[in-house]
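Have a look at the model first.

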Amino acid sequence: MESVSEIACAGLDMDWLSTTRLRWNEHDELSAEEKGVLSRAISRHENGDYEGCVALLMNMFEGLIEKYCPREVKTLEGDRAELFDLHAKKYGVGLSHKKDGDPRKLTTTRDKVLILVLLSEDGWHTFQHAADYIINVTLTSKMDTDLAAHNPLRNKICHGEQTEYGTLEHSLKAILVTDIVIRFGAAVLAERANSGCEDDSIRRQLLAEEARDSRR
């Protein structure tokens with residue numbers, strides 16, 4: 001989480017904003033309407049309307065995760081379930097199976113962030129800090145005033161609980177976390193389109209996690 005904050009506050013300037021806008025417009029999986037909202041959000045930021053930028057992006061956020069998470073992945077078994085559960089335990093996300101052993105339908109947005117992680121070729125090593133921020137901050141289910149003072153909390157903004165988010169810091173972080181989802185999600189789509197070795201990737205990630213745990 002700290003790395004996301006450091007990047008947002010230290011390295012995101014007007015050149016970065018222009019590059020981000022151009023890159024978003026090149027994503028074919030995004031509709032013209034989606035690109036329009038994303039572009040208007042950046043324009044609001046550029047004009048100093050940080051509150052408007054955050055509001056637009058946080059209303060888009062869950063929809064973007066839904067777009068990139070494969071709809072056919074509704075439950076998990078085998079290596080996929082094991083790897084999902086390893087990370088679910090770290091974040092308080094429900095496990096892949098119920099107590100009676102039946103697979104749980106993975107329908108929450110937090111579930112889908114972890115599905116994107118395990119479907120990535122690079123997996124947890126690439127996305128761990130971003131996933132940490134998305135799950136524990138952007139999608140938090142708790143209203144933490146200290147957290148809200150420096151971060152856009154999607155659920156709390158959209159439900160009217162967080163009302164003070166019109167700062168440069170909030171706006172930059174909203175743009176950055178949206179960009180992370182778009183870039184990572186598009187990479188997952190590309191990997192799935194170009195490779196039939198998805199299960200091998202899952203096994204490699206699982207073995208890497210087990211090796212890391214054994215060294216602790």
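## Helix α3

Start with the buried side of α3: E34, K35, G36, V37, L38, A41, I42 and H45 are buried, meaning under 20% relative accessible area with a 1.4 Å probe, protein chains only (over 50% is exposed, in between is partly exposed). The cover over these buried residues includes α2, α4 (50–68) and α10 (168–194). Helices here are DSSP runs of H or I with at least four residues, numbered from the N terminus.

α3 itself covers residues 32–46, and its 15 residues reach 21 Å from first C-alpha to last, close to the 21 Å expected at 1.5 Å a residue; the expected span is 1.5 Å times one less than the number of residues. After α3 comes G48, with a positive phi near 85°.

## Ground rules

This is a predicted model: local features need pLDDT of at least 70, side-chain atom pairs count only at pLDDT 80 or more, and totals for chains, interfaces and linings use all residues. Residues are numbered from 1 along each chain as its sequence is written, and side-chain values use heavy atoms, with hydrogens and water left out.

## T20

T20 sits in helix α2 (residues 14–25) and is buried at 0% relative accessibility. Ignoring neighbours within four places in sequence, T20 is in contact (heavy atoms within 4.5 Å) with I42, I175 and D179.

## N155

N155 belongs to helix α9 (residues 154–158). Its relative accessible area is 15%, so N155 is buried. Not counting residues up to four places away in sequence, N155 touches E62, T138, L139 and T140.

Key
Helices (H or I, at least four residues) and strands (E, at least two) are DSSP runs, numbered from the N terminus.
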